[in-house]
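Here is a walk through one protein structure, taken a few places at a time. Keep the sequence and the 3D view open while reading.

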Amino acid sequence: MQKGLTKLITTSVLTAMLCSCGGGSSSGSIGSGTSGGSNPTPTPVPAAPPTATQAARFLGQATFGVTTPDINNVVANGYSGWIDAQFAVPQKLHRNYMDSISATLPANTTLNQNQFFESFWQQAVTGDDQLRQRVTYALSQIYVVSFQDSTVSNFPRGVASYYDTLASNAFGNFRNLLEAVSLHPMMGIYLTSLRNQKESGTRVPDENYAREVMQLLTIGLVQLNQDGSPKISNGKAIESYTSADITGMAKVFTGWSWAGADKTDTRFFGGTPDPDRDWKPMQSYPKFHSTSDKNFLGVTIPAQTAANPEASLKIALDRLYNHENTGPFIGKQLIQRLVTSNPSPAYVSRVAAAFANNGQGVRGDMKAVIKAVLLDTEARTDLDGNNIIAGKLREPVVRLANWMRSFGAKSASTRFLMSNLDDPLSALGQTPMRSPSVFNFYRPGYVPPNTSIAALSLVAPEFQITGETSVVGYLNFMRDVIPNGTGSSRDVKADYTNLVALADTPDKLLDQISLLLTANQMSATLRNQILTAVNSVAIPTNSTTNADAARKNRVYLSIFLTMASPEYLTQK
């Protein structure tokens, strides 16, 4: 593939992505003002078995990449049956991989971030628990901990354990997820609740986690209706908490520090480290816990109860868990991460209703929430029907995972020797668990300025890390990766055997690629353009070696042009 091809298509790709993501109704726009009374009753998902195309589209939302066996599985068992089976697949711990690698390292050598990246890509690409993998990745972008923090980066096994914690609770209850996140030492380091001390003299408790657990992890900045729209008073959105609430909540998160065999001052401040303190939940140290009244979000923890760190924590987390904002706030973000950037208020309301009650009187059932997200009529209605959703931009990590899974990528070392992919010009501009801030790689309400998306009052979160530099970088990266592989010493390479066998019939070759990468949403125009390019690669008849090379080039070109197209880059 010629280098000039990248430059030629960069501008058109960026422009077309903007137009593609900005299509559809603006009913899901921020500040739409829809009241909480919108009808949450969904149109039932059709009972008929899904077609291969429908299955591919579903798997694009629910997994890290579409494969032919998975398509066949969904067609045979239906959407709900596939989800139920996924709920039952056991989890594989990243921490165990880190421990196994640690045992083989030379003396005076320690684990680093790369070993987590290896484990991440192993599971994202080859894991049987694809739904858990995709939901966990979504949760990691809400409950952010990042290797970019210089202290967090010292604990790669701890970060692996934190990611395991998200995965362990992805199909559990939200209340357990919230507590597990709050007490994980990596979150304690990242948002500075670890070693947080009670007020004394001029010292006040650190407010960082108290603020973010409300703003980013549970209830958001403004009060919400069930459909995710803001509650309005005197023309303005009503704030969901005040600075006084932060101050009161901060006292709850005092007196928590490293786990260990005792609760001495030395251990609280980091001395005599337990060998597993990087993954064991933080423990309470009553000496350092605030015993004064704690007032927040309409709740008062009196002094006699406040002296008990565990009791204070339970009251605070119960309040956040039961807050009317939590369902729509978390539900909408899961919709955005898996299905569409601009869900309608009714869609959000239905998911929030599932959060509030799973049908058996249980609040916070993540299985019910995930089913509500993926089985909703707006997620499952065919794109040629009347209910066309706007979709979302596929983020770089998901694109690379799509390529690996859809084309059977294998690791020569079996370890998936992947490393940092942060550079937007020479790599992806995105690496798992390396968000630049607690606000993730992009904000859920990001609006690309001066675009058709902004004109329609829509959002496009992933566009916050998208621009000419990152588009050029992605195209250059994939132009190299598709034929040559990726990772250290090209450790990870795709298996194109089945596609090479179709190279003499470009129509059939493109049919398969279109199904796997675009769920057959490739337009006739794009299809004809790619077919013209593929047919321009002649297959020699006088040399077997040259003919094999030409067939491979047809495959490489077909995949590259598809993955460079807005019809792939925009998941719909």
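**A walk through the model**

The side chain of Tyr-496 reaches the backbone oxygen of Ile-482 at 2.7 Å. This distance, like the other values here, comes from a predicted model. Tyr-496 sits in the loop between strand 9 (492-493) and helix 22 (497-500). Its side chain also makes a polar contact of 2.9 Å with the side chain of Trp-403. Leaving out residues up to four places away in sequence, Tyr-496 touches Trp-403, Phe-407, Ile-482, Val-555, Tyr-556 and Ile-559. Is Tyr-496 buried or exposed? With a relative accessible area of 9%, which is under the 20% limit, Tyr-496 counts as buried. For a sense of distance, Tyr-496 and Val-362 are 47 Å apart in space, C-alpha to C-alpha, and 134 residues apart in sequence.

Ser-406 is the next stop, and its place is in helix 19. Ser-406 is buried, at a relative accessible area of 11%. A polar atom of the Ser-406 side chain lies 2.7 Å from the backbone oxygen of Val-66. When neighbours within four places in sequence are set aside, Ser-406 is in contact with Gly-65, Val-66, Leu-516 and Leu-517.

The cavities come next. Searching the whole structure gives 6 cavities of 30 Å³ or more. The largest cavity has a volume of about 130 Å³. Which of its 18 lining residues are closest to its centre? They are Ala-56, Gly-60, Arg-394, Leu-517 and Ala-519. Two or more lining residues come from each of helix 2 (52-62), helix 19 (396-406), helix 23 (506-518), helix 26 (566-569) and strand 10 (570-571). By type, the lining of the largest cavity has 6 nonpolar, 8 polar and 4 charged residues.

Aromatic rings give another way to follow the chain. A pair of aromatic rings is described by the distance of the centres and the angle of the planes. The whole structure holds 23 aromatic pairs. In one of them, the ring centres of Phe-117 and Phe-147 are 5.8 Å apart and the planes stand at 80 degrees, so this pair is edge-to-face. Phe-117 belongs to helix 5 (residues 113-126), while Phe-147 is in the loop between helix 6 (130-140) and helix 7 (156-169), so the pair ties together parts that are 30 residues apart in sequence. Both Phe-117 and Phe-147 are buried.

Phe-269 and Phe-288 also form an edge-to-face pair, with 5.4 Å from centre to centre and 85 degrees between the planes. Phe-269 is in the loop between helix 12 (265-268) and strand 4 (283-284), and Phe-288 is in the loop between strand 4 and strand 5 (294-296), so the pair links distant parts of the chain, 19 residues apart. Phe-269 is partly exposed, at a relative accessible area of 40%, whereas Phe-288 is buried, at 8%.

One aromatic cluster is formed by Phe-64, Phe-116, Phe-117, Phe-120, Trp-121, Tyr-137, Phe-147 and Tyr-163.

The last stop is Arg-203, in the loop between helix 9 (185-190) and helix 10 (208-215). Arg-203 is partly exposed, with a relative accessible area of 34%. Apart from neighbours within four places in sequence, Arg-203 is in contact with Gln-197 and Lys-198. The side chains of Arg-203 and Gln-197 are joined by a polar contact of 3.2 Å. A polar atom of the Arg-203 side chain lies 3.1 Å from the backbone oxygen of Lys-198.

Conventions:
Residues are numbered from 1 along each chain as its sequence is written. This is a predicted model: local features need pLDDT of at least 70, side-chain atom pairs count only at pLDDT 80 or more; totals for chains, interfaces and linings use all residues. Side-chain values use heavy atoms; hydrogens and water are left out. Helices (H or I, at least four residues) and strands (E, at least two) are DSSP runs, numbered from the N terminus. Buried means under 20% relative accessible area, exposed over 50%, partly exposed in between (1.4 Å probe, protein chains only). Contact means heavy atoms within 4.5 Å. A polar contact is a pair of N or O atoms within 3.5 Å; within protein, one must be able to donate a hydrogen and the other to accept it, and residues adjacent in sequence count only if both atoms are side-chain atoms. On a 1 Å grid over the protein atoms alone, a cavity is a set of points where a 1.4 Å probe fits but cannot get out, and a pocket is an open set with protein on both sides within 12 Å along at least five of seven lines; lining residues have an atom within 4 Å of a point. Grid points are joined across faces, edges and corners, and a volume is the space filled by probe spheres set on the points. Ala, Val, Leu, Ile, Met, Phe, Trp, Tyr, Cys and Pro count as nonpolar, Asp, Glu, Lys and Arg as charged, and the others, Gly among them, as polar. Rings of Phe, Tyr and Trp (its six-membered ring) pair if their centres lie within 6.5 Å; planes under 30 degrees apart count as stacked, over 60 as edge-to-face and the rest as tilted.
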